[in-house]
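Please keep the structure in view while reading.

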Amino acid sequence: MSTARIQPTAVAAASAACALSSTVKHHLGFTLRLPRNNAVFRRQRIRRNHSVIAMSAVSEPLEVCVKASVTAPNKLGDCPFCQRVLLTIEEKHLPYNTKLIDFANKPEWFLKISPEGKVPVIKFEEKWIPDSDVITQSLEEKFPDPPLGTPPEKASVGLKIFSTFIGFLKSKDANDGTEQALLNELSAFNDYIKENGPFINGEKVSAADLSLGPKLYHLEIALGHYKQWSVPESLTHVKSYMKAIFSRDSFTKTRALPEDVIAGWRPKVLG
């Protein structure tokens, strides 16, 4: 949320201008009208307007249904798509409340708003909206500041990492090529970040990072636990990218417990 901040220099300039106008009026009999379109006044007016718009756009906290932890009470669960939505809300500095859904005992009220029993679901203007793709796009359109959009030509960067990770995680054959497929995708991503980083869209985090980050978090924990495997040290740019994403305040606030990530993937690993 943008907030109007009047710098001491701006206050001093405004005070001096008022004093000058008063002096001219006293001695010459007319009021000096200073131009109101100078940079100082314009900047303060823009900041105030942004603050008013942001406050009026979010009159009350957003309501978001997300998966609950299976290992600890009142904690977020292991859904990377839920974290993607929460990351977007956090990065846009919007107020929100989470409704933790116990997947082993989904409440009736939840099944009424999400008949398929899926999360995340968010409430927009009295209407519940599912699907992380739709939700994050809606958040970007409704709350464009700060912008998180990713240019179309960069939106697919790293897109296949998650599916190749799942293939390798579920694999029972060490020679079936699933590990190499994942290494190929991570190597391509490493080269991209080396040339274009530190994030997918350059210097600033974008929607693509908020989607990929939770998936890399799951990759690190699940493969470490079930395969004793980790991203090779040679992929230095992937490692630095993961560190940068995982250390963001928004990420630490919304990440699942490692125990939940391990528990969440267990059925897929063990069949």
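Q: How many cavities of 30 Å³ or more does the count give, and what makes a space a cavity?
A: The count comes to two cavities of 30 Å³ or more. On a 1 Å grid over the protein atoms alone, a cavity is a set of points where a 1.4 Å probe fits but cannot get out. Grid points are joined across faces, edges and corners, and the volume is the space filled by probe spheres set on the points. The model is predicted: local features need pLDDT of at least 70, side-chain atom pairs count only at pLDDT 80 or more, and totals for chains, interfaces and linings use all residues. Residues are numbered from 1 along each chain as its sequence is written, and side-chain values use heavy atoms, with hydrogens and water left out.

Q: What makes a residue part of the lining of the largest cavity, and which residues are they?
A: Lining residues have an atom within 4 Å of a point of the cavity. For the largest cavity, with a volume of about 40 Å³, they are V66, K67, L76, G77, C79, C82, Q83, L86 and T254. The largest share, three residues, comes from α3. Helices (H or I, at least four residues) and strands (E, at least two) are DSSP runs, numbered from the N terminus.

Q: How do the residues of this lining of the largest cavity divide into nonpolar, polar and charged?
A: Ala, Val, Leu, Ile, Met, Phe, Trp, Tyr, Cys and Pro count as nonpolar, Asp, Glu, Lys and Arg as charged, and the others, Gly among them, as polar. On this basis the lining of the largest cavity has five nonpolar, three polar and one charged.

Q: Which residues line the second largest cavity?
A: Its lining includes D78, Y217, H218 and R255, and its volume is about 30 Å³. By class, this lining has four nonpolar, four polar and two charged residues.

Q: Why is the pair of K67 and D78 called a salt bridge?
A: A salt bridge is a side-chain nitrogen of Lys or Arg within 4 Å of a carboxyl oxygen of Asp or Glu. K67 is in strand β1 and D78 in the loop between β1 and α3, 11 residues apart.

Q: What do D133 and R84 tie together?
A: The closest N and O atoms of their salt bridge are 2.6 Å apart. Because D133 lies in helix α5 and R84 in helix α3, the pair ties together parts that are 49 residues apart in sequence.

Q: How do you know whether K92 and E140 are buried or exposed?
A: K92 has 2% relative accessibility and therefore counts as buried. E140, at 17%, is likewise buried. Their side chains meet in a salt bridge (3.0 Å, N to O).

Q: What makes R266 count as buried, exposed or partly exposed?
A: R266, in helix α11, has 36% relative accessibility and so counts as partly exposed. Leaving aside neighbours within four places in sequence, R266 is in contact (heavy atoms within 4.5 Å) with Y226 and G271.

Notes. 1 Å grid on protein atoms, 1.4 Å probe; cavity = no way out; pocket = protein on both sides within 12 Å on 5 of 7 lines; lining within 4 Å. Buried < 20%, exposed > 50% of the residue type's maximum accessible area, 1.4 Å probe, protein only.
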